[in-house]
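Hello,

Here is the structure we talked about handing over. Please open it, then read the notes below alongside it.

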Amino acid sequence: MRRGLTIHSSLTKTCMKREQTVNKSETSLIKTTRPKRRFSKNRAGILFTLPYIIFLLCFMILPILYTFYTSLFSDLAGGQFIGLNNYVEVIKDENFRKAVRIIVGYIVVGVPLFLFLAVSLALLIDSPFGRLKNVSKFIFFLPFAMPPAVSTFMWAFVYTPEVSPYQGIFGIFPFIKDYQFFLSRNEILSLPFMTIENLTFSIVNIICWQNAGGWILVLSSVLNNASQEVMDAARIDGANEWHIVRFIKIPLLTDTLVIMGVSTFAYISQLVAEPIMLTASLQLSKYYTPNYWASTQAFSSGNFNLSAAASNIMILVVILASVAALLFSRSLEKRSE
């Protein structure tokens, strides 16, 4: 009996030892195979993103670095290194400060108006009252697909009183008679800390016309992915369409609206094509916006160093505003959690 027990115990010990060795070998195999798998996955991800990284380095990072390098010298002084003197000269220039005030006016007026317009149309398309959704999306997308130069020249034709086909219609309404409402460049807001002047609503209209269609499609796709069960449950509980929009749909669009606001802010702050194309019809100055000021310094005055400094200042403003908006959105998410 004892002999049988000893044999049984020895067999169990040997089995346990074998299991331990097998487990050790399996763990060693897992340890050796996991890094290879991770490495292969990382390598695949790097290969997929490599074209974008190369494009980003060649056409964005390197030009910014070269612009910063150029801004530290002065070709007018024989290519002499002058440090940050170009930046000081840009900030002291009265025309540049006026251009900054103008662009602040476009941001204050244009960004909220653009967000309101795009969100309202996207909610209207997604609502039960929105008929022919695909046709509506296509119509709204057409201006976005149109080249900016074509749409700007089209609106310049519309806003020129001598050739506009809508001159008679606009003359009926007193508040837009003679295009003063759209083409006015007078001071429209004066506060102790900010003055919005020389703002023309025709450019605001062109900005919304050109860019709203693409964002309407993005917002509509986000709303289409909303849970229909949640909507039905809210309607069963007595919620009307306004409650669904306010408490379900708009919170779903929060992250998209932050990205949309940042991109619209960046687009308006870099505004240059529309003022250049509308200079003749609206009689705008060549220092109308900061980028227009920079292009005038580069291609009219030949001062590329000063132009580079102004461009870097606007790039820094856009980066700081984007970081601030993203941090603000994250703080809102943490509060909601």
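**What turned up**

Start with helix 3, which spans residues 94-126. Arg97 and Glu94 sit 3 residues apart in this helix, so about one helical turn separates them. Their side chains meet in a salt bridge, at 2.6 Å from N to O. Keep in mind that this is a predicted model.

Put together, Glu94, Arg97 and Arg101 are linked in a network of salt bridges.

Arg97 has 35% relative accessibility, so it counts as partly exposed. Glu94 is partly exposed because its value is 43%. Arg101, at 26%, is partly exposed too. The cut-offs behind this are simple: buried means under 20%, and exposed means over 50%.

How many salt bridges does the structure hold? The count is 5. Another one of them joins Lys249 and Asp126, whose side chains meet at 2.8 Å, N to O. This pair links distant parts of the chain. Lys249 is buried. Asp126 is buried as well.

Next, look at Glu89. You will find Glu89 in helix 2, which covers residues 85-92. Its relative accessibility is 44%, so Glu89 counts as partly exposed. Now find Ala310. In sequence, Glu89 and Ala310 are 221 residues apart. In space, their C-alpha atoms are 9.5 Å apart.

Last, the surface. There is a nonpolar surface patch of about 940 Å². Which residues make this patch? They are Leu47, Leu50, Tyr52, Ile53, Ile54, Leu57, Met60, Ile61, Leu62 and Leu65. Take Leu47 as a way in. Leu47 is placed in helix 1, residues 2-71. Leu47 counts as exposed because its relative accessibility is 56%, and exposed means over 50%.

- Glu94, Arg97 and Arg101, for the salt-bridge network.
- Lys249 and Asp126, for the salt bridge between buried residues.
- Glu89 and Ala310, for the 9.5 Å C-alpha to C-alpha distance.
- Leu47, for the nonpolar surface patch.

Best wishes

How values were computed
Residues are numbered from 1 along each chain as its sequence is written. This is a predicted model: local features need pLDDT of at least 70, side-chain atom pairs count only at pLDDT 80 or more; totals for chains, interfaces and linings use all residues. Side-chain values use heavy atoms; hydrogens and water are left out. Helices (H or I, at least four residues) and strands (E, at least two) are DSSP runs, numbered from the N terminus. Buried means under 20% relative accessible area, exposed over 50%, partly exposed in between (1.4 Å probe, protein chains only). A salt bridge is a side-chain nitrogen of Lys or Arg within 4 Å of a carboxyl oxygen of Asp or Glu. Patches are made of residues with over 30% relative accessible area and no salt bridge: like charges are joined within 9 Å, nonpolar side chains (Val, Leu, Ile, Met, Phe, Trp, Tyr) within 5 Å. Accessible areas come from the Shrake-Rupley method with a 1.4 Å probe; for residues, only the protein chains shown count as cover.
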